[in-house]
Amino acid sequence: MARISRRRLTRNPARGAATKAIIAAKAPVSPGSPQPDAAARVAASTLPSTRRLRRGPLANVLVMSVAAGIIGTLAIPAYAFAPGSGGPQFAQTDVTKLTKAEAQSVEVTDDVIAAPVTKDGYDTVTGAEIQAAADAAAAAEAARVAAETAMTSYAASYSGPSVGDFLANPPYPSFDLASVYNVATQYIGTPYVYGGATPAGFDCSGFVMYVYAQFGISMPHSSAGQGAMGTRIAEADAQPGDLVIMPGHDGFYAGNGMILHAPYEGASVRVQPIWTSDYYIVRIGI
């Protein structure tokens with residue numbers, strides 16, 4: 001603990017006079033001694049005591065502690081503000097400003113196209129359905145192999161002229177519908193063979209193609225393609241030799257609402273009534 005030295009008071013003449021006056025005022029007055037004047041009495045009553053206060057070591061420590069606390073308290077606001085926190089990186093972002101802003105309005109022009117929203121859909125498939133699909137695929141493959149084998153046997157069973165042979169040297173260069181129909185009737189009873197285009201076996205469009213090839217007219221092996229080659233006419237104007245075009249099937253018009261055609265697997269070329277209203281008449285050569 002620091003030792004506090006006592007300083008010697010500087011002598012003050014005015015203070016000494018005042019002290020003497022106070023002492024004189026407080027001294028007992030005998031009946032024969034002179035009375036103090038008024039100035040001395042006032043000085044004695046108003047001047048504070050000039051006795052020096054003495055502090056001990058503990059009081060000095062308390063005073064120093066209180067002073068340090070006051071200084072620390074005054075310094076807190078200065079250190080509470082972190083240097084650099086006023087920079088732009090501490091400012092509000094644009095998103096924060098927008099969230100604190102009032103309702104916004106957006107103008108959409110007329111040429112804006114709304115993008116469609118799509119979702120993927122998935123269906124549950126059972127084990128039985130998977131097995132059925134596998135069986136169907138196996139059956140289709142077996143049918144393809146059987147058809148390929150049949151076509152190989154079919155091609156080997158016929159040695160006469162083909163469509164290509166007729167187109168290269170048509171036996172009937174003069175074309176008319178009656179002649180076309182008469183040639184077509186020669187093949188009644190020919191078995192139906194899918195993909196066939198010879199007298200060993202015909203399918204519907206193969207039959208039409210083979211007959212018209214004999215008149216030098218080349219046709220695709222397709223009922224839709226053959227229908228696109230000609231001109232549609234009214235049913236009332238139809239003649240034998242015109243084509244009856246149906247969805248996926250065709251044949252020769254035989255008159256009186258009848259058709260000459262190669263119908264389906266297991267049947268043969270024949271004449272029968274047209275069984276549907278979903279057809280139209282096409283004439284080749286006009």
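**Close-up views of a predicted protein chain**

**Figure 1. M209 is a buried residue of the predicted model.** Its relative accessible area is 10%, and buried means under 20%, exposed over 50% and partly exposed in between, with a 1.4 Å probe and protein chains only. M209 sits in helix α8, residues 204-213. Helices are DSSP runs of H or I with at least four residues, strands are runs of E with at least two, and both are numbered from the N terminus. Leaving aside residues up to four places away in sequence, M209 touches V163, A197, M219, P220, H221 and Q226. Contact here means heavy atoms within 4.5 Å.

The model is predicted, so local features need pLDDT of at least 70 and side-chain atom pairs pLDDT 80 or more, while totals for chains, interfaces and linings use all residues. Residues are numbered from 1 along each chain as its sequence is written, and side-chain values use heavy atoms, without hydrogens and water.

Figure 2. A salt bridge is a side-chain nitrogen of Lys or Arg within 4 Å of a carboxyl oxygen of Asp or Glu. R144 is partly exposed, at 44% relative accessible area. E141 is also partly exposed, at 40%.

**Figure 3. D242 and R283 form a salt bridge.** Their side chains meet at 2.9 Å, N to O. This pair links distant parts of the chain, 41 residues apart. D242 belongs to the loop between β3 (231-233) and β4 (243-246). R283 belongs to strand β8, residues 280-283. D242 is buried, at 0% relative accessibility. R283 is buried as well, with a relative accessible area of 15%. The structure holds two salt bridges.

**Figure 4. The protein chain has nine helices and eight strands.** Of its 286 residues, 25% are buried. Among contacts between residues at least 6 apart in sequence, 59% join residues at least 24 apart. The accessible surface comes to about 20500 Å², computed by the Shrake-Rupley method with a 1.4 Å probe; for residues, only the protein chains shown count as cover. Carbon and sulfur atoms account for 59% of that surface.
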